[in-house]
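Reader: I have a structure open and would like to go through how its parts pack together. Could you help me read it?

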Amino acid sequence: MTNFNKKRKCVPVMLQIVIIIVIIIYMLPVVYMGITSFKPWRVVFKVPPTFNFKPTIASFVRLFYQTSDYQSGKEPTAEEIERMDWKNRLMWEQTNQQIGGISEGPARFLNSFIISIASTALSVLLGTLTAYALSRFRMKGKNDLMFFILSTRMLPAVVVTIPLFLMFRFLKLTDTHIGLILLYVAFNVSFAIWVMKGFFDDIPIEYEEAALVDGYTRMQTFRKIALPQAATGIAATTVFCYIFSWNEYAFALIMTSRVATTATVYIQGIKGSLGIDWGAIIAGSFLFFIPVAIFTFLMRKYLLAGITFGAVRK
Amino acid sequence: MFKKEKNTVRGNSFEYTGLRDVTILRLFVLPTIILLLVINIFPLFWSLYLSFTRYSVYKRGTPIWIGVGNYVKLLTDSNYWAQFSTTAYYVIIVVAVELILGFLLAFLLHQKFKARSFYITMLAVPMMMSPALVGITWKYIFNPSWGIVNWLFRLGQLDWISNPKINLYSTMIVDIWMWTPFVMLLSVAGLSAVPEYLYEAAEIDRASGWFKFWNITLPISAPLLIIALIFRTMEAFKTFDIPMSLTGVGAISPKLVALRLYDLAFYRWDTGLSCAMAYIILFIVLAVTNLYIRYLNKLRK
């Protein structure tokens with residue numbers, strides 16, 4: 001408690017060292033994940049775990065390409081190895097295998113991408129409109145409506161998926177992009193409304209009133225006065241919605257089987273001709289995580305607002 | 001008689017042109033409400049009905065009405081009680097540890113030094129990762145035969161993944177690792193809400209460090225800590241992604257309600273019973289949500 005007694009101007013070097021050590025320990029799993037994704041195949045399962053290896057991107061290649069064994073007696077000669085493209089040579093060096101076409105990986109990442117983008121765009125659009133209306137107009141039972149909106153988000157995913165599964169099967173929406181997009185929109189829109197309402201509430205209403213007096217219509221004030229002021233809020237909301245959709249797992253697991261499966265579900269179960277391909281699983285997770293990490297740093301000012309549904313904004 | 005309602009600003013007398021406010025309100029709010037009703041509320045009523053029936057989606061028969069049979073079965077079967085009590089145990093431990101660790105971390109970081117916000121953001125990263133992929137990464141780390149944890153701590157072949165006595169705790173560790181930053185972020189905000197002059201005043205009165213902590217720091221940062229508490233309780237109660245990827249469902253998986261529900265609904269395809277279980281979970285979560293919203297409303301005022 002001693003630091004209460006001093007004016008917090010400079011922190012003892014010791015304390016800073018402690019902080020840095022704590023952070024390093026805390027980030028070890030992520031670092032280990034990064035290291036593992038560059039491990040050669042033989043090192044992935046090595047006991048004890050070793051860090052003395054030549055980094056390779058073979059795991060990433062296996063994420064996007066299928067590999068298969070050479071038929072016995074048809075192993076490449078030294079000359080053939082010389083003539084191989086870099087991917088095949090890499091596979092030969094790693095596991096004595098060859099590339100056998102593109103794997104499911106690219107399609108799954110593309111699915112994640114399409115579904116996240118589309119659902120984010122829709123939920124931010126709907127969320128911004130609703131939040132503006134709820135922030136600016138008088139309305140009976142507004143608090144109840146806000147509670148209703150939030151409560152839809154708080155429902156455990158697994159609970160609602162049972163009836164949703166039935167409904168989607170009836171509407172032939174299971175395993176479609178549109179089905180998953182609709183689901184993600186429904187679950188993100190409540191988040192978008194709460195966060196955006198917070199941002200709109202923070203914007204002084206006077207500008208809009210002045211514009212109305214000057215002869216703007218409500219729609220014009222919304223478009224030309226309110227929206228530009230809420231731009232950063234909209235950006236933050238967009239990034240958060242994107243991360244939520246991108247990371248989502250339970251719905252994708254239950255609602256998709258083949259066509260619309262996203263990367264979170266795919267990466268979990270990557271199997272190659274070598275069995276469960278832990279190299280590709282960790283490499284895939286790492287690749288999947290990179291955009292999230294970048295967004296987190298871009299959004300650092302809005303993290304608090306994001307994780308508390310706009311309840312805390314600072 | 002029919003005086004057309006006019007657009008006015010805050011009851012002021014001037015008017016403006018264009019669509020009426022009510023029209024805009026409806027235009028802006030209705031699509032969202034319809035979407036939520038169709039995707040969230042309608043299915044909920046459907047499953048309420050199904051929870052009173054014997055029905056399996058897989059067999060595609062018609063639901064047979066059995067009244068409260070499913071609920072009776074759930075509430076009298078000791079297996080299901082074990083699910084709920086284990087989940088409660090899980091929630092209490094996980095939330096308590098996260099609150100304590102998160103607050104301690106915040107305390108460490110609540111100093112003025114270079115790159116402070118960089119460190120805080122870095123610590124927040126695990127929280128933003130996909131829980132499912134965090135789970136699978138830890139499955140690699142925890143692997144009994146070649147995982148780094150067993151080697152690092154000389155634990156031999158300790159089975160973190162498929163021993164039902166242990167995998168509850170490995171799930172806890174992952175959950176705590178992932179969500180402590182959440183509490184940390186809120187605590188940092190709470191701590192910086194305490195105005196410096198209060199400490200200075202206490203200083204003049206020669207208050208002890210503990211006194212300042214209990215009477216200044218805690219009360220002022222309490223609202224944010226309570227938000228963290230309620231949020232984490234809700235999330236921990238319905239945790240699914242992490243244990244699903246870490247251990248999968250089955251006899252060996254930890255007794256967490258969300259996993260059990262998934263098992264009932266999508267492995268055994270016992271739709272009626274799973275809907276009833278879903279409703280019990282729903283009531284618990286809604287109770288906590290209600291608490292949270294009331295608290296939020298109080299806070300806003």
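Reader: At roughly what angle do the axes of helix H11 of chain A and helix H1 of chain B cross?

Author: Bearing in mind that this is a predicted model, the axes of H11 (residues 218–229) of chain A and H1 (residues 21–50) of chain B cross at roughly 55 degrees, and they come within 10 Å.

Reader: OK, staying with chain B, how do H7 and H9 cross?

Author: Helix H7 (residues 167–192) and helix H9 (residues 209–237) of chain B have axes that come within 8 Å and cross at roughly 150 degrees. Because an angle over 145 degrees counts as roughly antiparallel, H7(B) is roughly antiparallel to H9(B). As for handedness, H7(B) passes H9(B) in a right-handed crossing.

Reader: What sort of residues make that contact, nonpolar, polar or charged?

Author: The contact of H7(B) with H9(B) divides into 11 nonpolar, four polar and two charged residues. On the H7(B) side they include B:Trp179, B:Phe182 and B:Leu186, while the H9(B) side includes B:Leu224, B:Ile227 and B:Phe231. The charged residues B:Asp175 of H7(B) and B:Arg232 of H9(B) also take part in the contact.

Reader: Now chain A, what about H12 and H15, is the crossing left-handed or right-handed?

Author: The crossing of H12(A) and H15(A) is left-handed. Helix H12 (residues 231–247) and helix H15 (residues 278–298) of chain A pack at an angle of about 160 degrees, with 11 Å between their axes, and they are therefore roughly antiparallel to each other.

Reader: And which residues are involved?

Author: H12(A) brings A:Val239, A:Tyr242, A:Ile243, A:Trp246 and A:Asn247, and H15(A) brings A:Phe288, A:Pro291, A:Val292 and A:Phe295. Eight of the residues in this contact are nonpolar and one is polar, with no charged residue.

Reader: Zooming out, how is chain A divided into domains?

Author: Chain A has domain 1 (12–53), domain 2 (56–103) and domain 3 (106–307). The C-alpha centres of domain 1 and domain 3 of chain A are 32 Å apart, and the contact between these domains takes nine residues from domain 1 and 10 residues from domain 3.

Reader: How much area is buried between those two?

Author: About 770 Å² is buried between domain 1 and domain 3 of chain A, and carbon and sulfur atoms give 88% of that area. On the domain 1 side, A:Met33, A:Ser37 and A:Trp41 supply 59% of the area buried against domain 3, which is more than any other three residues supply.

Reader: Last one, what are the domains in chain B, and how many residues are in their contact?

Author: Chain B is divided into domain 1 (1–50) and domain 2 (70–300), and their contact takes five residues from domain 1 and seven residues from domain 2. Taken over C-alpha atoms, the centres of these two domains of chain B are separated by 37 Å. The area buried between domain 1 and domain 2 of chain B is about 430 Å², with 69% given by carbon and sulfur atoms.

Note on methods: Residues are numbered from 1 along each chain as its sequence is written. Chains are lettered from A and ligands numbered from 1 in the order in which they are written. This is a predicted model: local features need pLDDT of at least 70, side-chain atom pairs count only at pLDDT 80 or more; totals for chains, interfaces and linings use all residues. Side-chain values use heavy atoms; hydrogens and water are left out. Axes are lines fitted to C-alpha atoms, for helices over the stretch in contact, and angles run from 0 to 180 degrees between N-to-C directions. Helices (H or I, at least four residues) and strands (E, at least two) are DSSP runs, numbered from the N terminus. Angles under 35 degrees count as roughly parallel, over 145 as roughly antiparallel, 65 to 115 as roughly perpendicular and the rest as oblique. A crossing is left-handed if the near helix is turned anticlockwise from the far one by less than a right angle, and right-handed if clockwise. Contact means heavy atoms within 4.5 Å. Domain bounds come from an automatic or database domain assignment. Buried area is the accessible area (1.4 Å probe) that two parts lose on being put together, summed over both.
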